[in-house]
Amino acid sequence: MLDAALEHLVRGIVDHPDEVQVDLITERRNRVLEVRVHPEDVGKVIGRGGRTARALRQVMSGVGGRDVRVEILD
Amino acid sequence: MSETTPAATSTVDSEEDQTELLISEGDLAADYLERLLDITDTDGDIDMDVRDGRAVVAIVGDHLKAFIGPRGATLDALQDLTRLAVAQQTGTRSRLMLDIGGHRAQRKEELIDLAQRTAEEVIASGETARLAPMNAFERKIVHDAISGYDELETESEGEDPGRRVVIFLRNA
């Protein structure tokens with residue numbers, strides 16, 4: 001559910017929605033959501049001053065809990 | 001009219017276009033948010049409106065705390081993302097306002113109440129009052145609430161996120 005939610009949120013804000021992939025990795029203390037996007041969309045997902053990445057993290061910890069981490073891979 | 005400038009013509013056009021744009025902003029935002037509610041199995045209805053030149057979208061329901069967050073932080077984040085999702089479709093920057101579970105509406109009432117209480121104190125004591133830091137939207141609510149008092153003036157001072165409203169006697 002968390003990966004599908006994040007995938008939806010990211011797909012809506014990028015130029016290449018078909019190339020958005022989110023993997024949920026369960027670690028001992030955290031659940032990590034790894035986000036992969038088209039190279040041209042990395043800047044969009046991070047946003048000016050990291051604002052968009054921060055917003056994605058805020059919403060995902062609201063939905064999933066404080067142990068949820070979001071990592072944007074480039 | 002031959003003297004009509006292209007700029008004037010486009011102003012008339014843009015007013016109608018503007019309303020249409022705001023309505024479609026609401027629709028696009030509703031689609032984005034509806035899908036999020038579906039995925040997270042959250043009950044909520046979505047209301048759309050156009051107010052003061054902005055699209056206004058509200059998620060209404062009883063169990064929306066997870067989407068509001070501490071002091072509305074998650075709501076603000078979701079508003080940012082919704083604006084980006086809308087702009088992605090329209091190609092125009094969006095100033096859409098999002099409310100969830102009546103949070104902003106309730107906060108607005110609290111701020112008006114605070115502004116009025118502080119106004120009475122400043123009038124009674126003559127002493128300048130500095131309110132807690134607020135975002136631009138909240139400061140505007142306070143400025144507007146105080147504008148009804150002829151004897152008072154307001155200013156904002158400081159830099160975000162520490163920017164705050166100062167209320168003081170006119171000519172004091």
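I began with D17(B) in this predicted model and found it in helix α1 of chain B, which covers residues 6-39; helices here are DSSP runs of H or I with at least four residues, strands are DSSP runs of E with at least two, and both are numbered from the N terminus. D17(B) counts as partly exposed because its relative accessibility is 48%, the class between buried (under 20% relative accessible area) and exposed (over 50%), computed with a 1.4 Å probe on protein chains only.

I noted the conventions before going on: residues are numbered from 1 along each chain as its sequence is written, and chains are lettered from A and ligands numbered from 1 in the order in which they are written. Local features need pLDDT of at least 70, side-chain atom pairs count only at pLDDT 80 or more, totals for chains, interfaces and linings use all residues, and side-chain values use heavy atoms, with hydrogens and water left out.

E20(B) was my next entry, and it too is found in helix α1 of chain B. With a relative accessible area of 59%, E20(B) is exposed. Its C-alpha atom is separated by 30 Å from that of E109(B), a residue 89 positions away along the chain.

I turned to the place where the two chains meet. Chain A brings 18 residues to the contact and chain B brings 17 residues, where contact means heavy atoms within 4.5 Å. Between them the chains bury about 1,600 Å², of which 69% lies on carbon and sulfur atoms; buried area is the accessible area (1.4 Å probe) that two parts lose on being put together, summed over both. On the side of chain A, H8(A), Q58(A) and V59(A) supply 31% of the area buried against chain B, more than any other three residues.

Which side chains meet in a salt bridge across this interface? I found 1 salt bridge between chain A and chain B, and D80(B) and R51(A) form it at 2.8 Å, N to O; the rule asks for a side-chain nitrogen of Lys or Arg within 4 Å of a carboxyl oxygen of Asp or Glu. In chain A, α1 (2-11) and α3 (51-64) each supply at least two residues of the side that touches chain B, and α3(A) gives the most, with 8 residues. By class, that side of chain A has 10 nonpolar, 5 polar and 3 charged residues, with Ala, Val, Leu, Ile, Met, Phe, Trp, Tyr, Cys and Pro counted as nonpolar, Asp, Glu, Lys and Arg as charged, and the others, Gly among them, as polar.

For chain A as a whole I recorded 3 helices and 3 strands, which follow the pattern α-β-β-α-α-β along the sequence. Its C-alpha atoms fill a box of roughly 35 × 25 × 20 Å along the principal axes, and buried residues make up 43% of its 74 residues. Of the contacts in chain A with a separation of 6 or more, 56% come from residues 24 or more positions apart.

Last, I asked of E34(A): is it buried or exposed? E34(A) sits in strand β2 (residues 31-36) of chain A and is buried, because its relative accessible area is 17%. Leaving out residues up to four places away in sequence, E34(A) touches Q21(A), V22(A), D23(A), I25(A), E71(A) and L73(A).
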